[in-house]
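Biologist: I am new to this structure. Can you take me through the terms used for it?

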Amino acid sequence: MLSPDQSWQSRVPLLLAVPAAVALLFLVLPLVGLVMRAPWADAGAVLRSEGALQALQLSVITATVSTIIVVLIGVPLAWVLALPGLRGASVLRALITIPLVLPPVVGGVALFTVLGRSGLLGRPLYQLTGFAFPFTPYAVILAQVFVALPFLVLSVEGALRAADRRYKEAASTLGARPVTVFRRITLPLIGPGIAAGAVLAWARALGEFGATITFAGSFPGTTRTMPLEVYLALETDPGSALLLSVLLLGVSVAVLVLLRDRWVSRW
Amino acid sequence: MVAELFADLGVARDDFTLDLGLHIGAGEVVALLGPNGAGKSTALRALAGLLRLTSGQITIAGRVVADPLSGVHLAPYERSMGVVFQDYLLFPHLTVLDNVAFGPLVQGFERSEARRRAAGWLARVGITDLASAKPRSVSGGQAQRVALARALATEPRVLLLDEPLAALDAKTHLLVRAEVRRHLGDFAGATLLVTHDPIDAAVLADRLVVIEQGRVVQQGLPQEVARRPRTDYVARLVGLNLLAGRGQGHRVLLPTGGSVELAESAFGDLYVAFRPAAVSLFVHRPDGSPRNLWSGRIATIEPHGEGVRVEIGGAPDRRSSVFAEITPSAVAELELVPGSEVWAAVKASDIEVYSGD
């Protein structure tokens, strides 16, 4: 078979190659440094310490719960956002994007104004039940949902827009009501998009720092997640901070690799 | 007879208006034929409920499913119309069996019963062995059968087929057409077949409706339409030369100045049609006297089936042209090339003349 010569296309001009290499090094070198400088001899002791295990457990549990919440409320929001001819869609999308660009600490303060003990919703809640979110694991989850939700919504909205809407029409002519179409056709078609969005959301939740420390504080065992533990350790014991960072890195990479095979090319 | 499908479709958009009446009886197959942009797809989408009517009414077996005047617009899932889409739109995440079982399942049958019914349909269209295959791994002809089985499995009152054979290669096309014909013969409801292929239409349909620019320009039995076209589009479709003019006894005067001699006498607004094969070509003015003899210049020469189709510009008059169909050896013998001067002759008895009303 004859194929046109495409070798000229894969030749990278120097003008692009140099900055591309710089960018790649900039991303990879810190990770290499992390792994190289970690005091591996102390690894056993640090990783078995109560603080580290508690923080890791709290992080994984809260990030997972957050991701479940994000999927449950984010997919419907994405569906609404992707409705053809929805008025105000661009305004809505801008609102959803705000947590992406907002400094997380500001997000934490904002959560306080609404859900703090004297917040808009927090005050009546506290007066009625005696319960307040701040400084509980629930606050950790709320902070994570706040920062992670946009990742999932935008990812799923993209998948919905890319999915051929004529499949929905075909299902409809076969007698399926809109809810059935969504459950049996749309959801499976955008499954990979949901999975990708959920992984991004989980990773974002796992790494959440600013909104968490502002809204939930840093109490060992209840609100001190891995990123907080790393930050605190850095002031007292830099070596253990490095080890904890490597652990967090390892968990993130492991989840990404495990899920990658599940969402790529399902049919 | 009460038509199974009675439709008066009015769809008005900025640059296009569809105004189409369709009446299809139970067991009848009607082909909707027309050039690209004539409104065929719009009509099909309006019938299926994927597009709102702006005026008119749709009734299926006596039940009004759309009537904008009284605010009725049933959703596609409430209409009992099966649709076979042009590119089939098989659900990529479901097996062939579950694609076909989808309709019965959402209609409320148990999964096992839905699958049993689907398996029955797969057997009827002859693809039982593909039951557990995913749509991306089946061929075009197989996908067409799955799509047909999926639409029929809902047991619709009306079946809509959108260019069902257009995506198939030539060999599969003939094979699948014969099968579709058999299944349409077994189908008890009304069938509307949207196509731009006159042969598919003639083979599959009992009746043709031809639309251009959103309006019906001709309808009737396939052989009627094929013999007596009424627009240039239909004439080209069925491969006839068509001229319109005014009958004055044994002669039809064309508005562009030429004339055509007839074997019988005719009056009023008329169409005259004749087969390209009835047109003989001569390099020199022939002896004898065929009733119609026109001189012209060859505009195009194109292979057509086993013969050659030659367009002669300037016949019967300066602003008209006619097609002749001759053998390749005749082209060589007469040394015909575009630009050659030729004489075109047509016997009066080979000319079909009919009223333009």
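Modeller: Start with chain B, where buried residues make up 42% of the 357 residues. Keep in mind that this is a predicted model. Along its principal axes, the C-alpha trace of chain B spans about 80 × 50 × 35 Å. Chain B holds nine helices and 19 strands.

Biologist: Why is L254(B) called partly exposed?

Modeller: Count its neighbours. L254(B) has 17 C-beta neighbours inside 10 Å. Buried needs 20 or more, and exposed needs 12 or fewer. The count of 17 falls in between, so L254(B) is partly exposed.

Biologist: Where is L254(B) found, and what does it touch?

Modeller: L254(B) sits in the loop between β12 (241-253) and β13 (259-274) of chain B. Leaving out residues up to four places away in sequence, L254(B) touches L243(B), G245(B), S259(B), P316(B), D317(B) and S320(B). I312(B) is 58 residues from L254(B) in sequence and 17 Å away in space, C-alpha to C-alpha.

Biologist: What makes β14 and β17 of chain B stand at the edges?

Modeller: Look at the order first. Five strands of chain B form an open sheet, β14-β18-β15-β16-β17, with antiparallel pairing. β14 (279-282) and β17 (321-326) of chain B each have a single partner strand, so one side of each is left without a neighbour in the sheet. Neighbouring strands of this sheet are turned by 45° against each other on average, direction ignored.

Biologist: How do you know that β15 and β16 of chain B pair?

Modeller: By their bridges. A pair needs at least two bridges. β15 (residues 292-304) and β16 (residues 307-313) of chain B have seven, in the antiparallel sense. R297(B) stands opposite G313(B) in β16(B).

Biologist: How do you know that the length of α8 in chain A agrees with its residue count?

Modeller: Helix α8 (residues 137-162) of chain A has 26 residues, which at 1.5 Å a residue should span 38 Å. Its end C-alpha atoms are 37 Å apart, so the values agree. α8(A) also has a kink of about 40° at A148(A), shortly before the proline P150(A).

Biologist: Why is α8(A) called largely enclosed?

Modeller: Of its 26 residues, 20 are buried, so the rest of the structure largely encloses α8(A).

Biologist: Which residues make the contact between the chains?

Modeller: The contact takes 21 residues from chain B and 15 residues from chain A. β7 (81-84) and α2 (96-106) of chain B each supply at least two residues of the side of chain B that touches chain A. That side divides into 13 nonpolar, five polar and three charged residues.

Key:
Residues numbered from 1 in each chain as written. Chains lettered and ligands numbered in written order. Predicted model: local features only at pLDDT ≥ 70, side-chain atom pairs only at ≥ 80, totals over all residues. Contact = placed C-beta atoms within 7 Å. Helix = DSSP H or I, 4+ residues; strand = E, 2+ residues; numbered from the N terminus. Nonpolar A, V, L, I, M, F, W, Y, C, P; charged D, E, K, R; others polar. Expected span 1.5 Å × (residues − 1). Bend = angle between axes of the 7 residues up to and from the residue. Axes fitted to C-alpha atoms, helices over the stretch in contact; angles between N-to-C directions.
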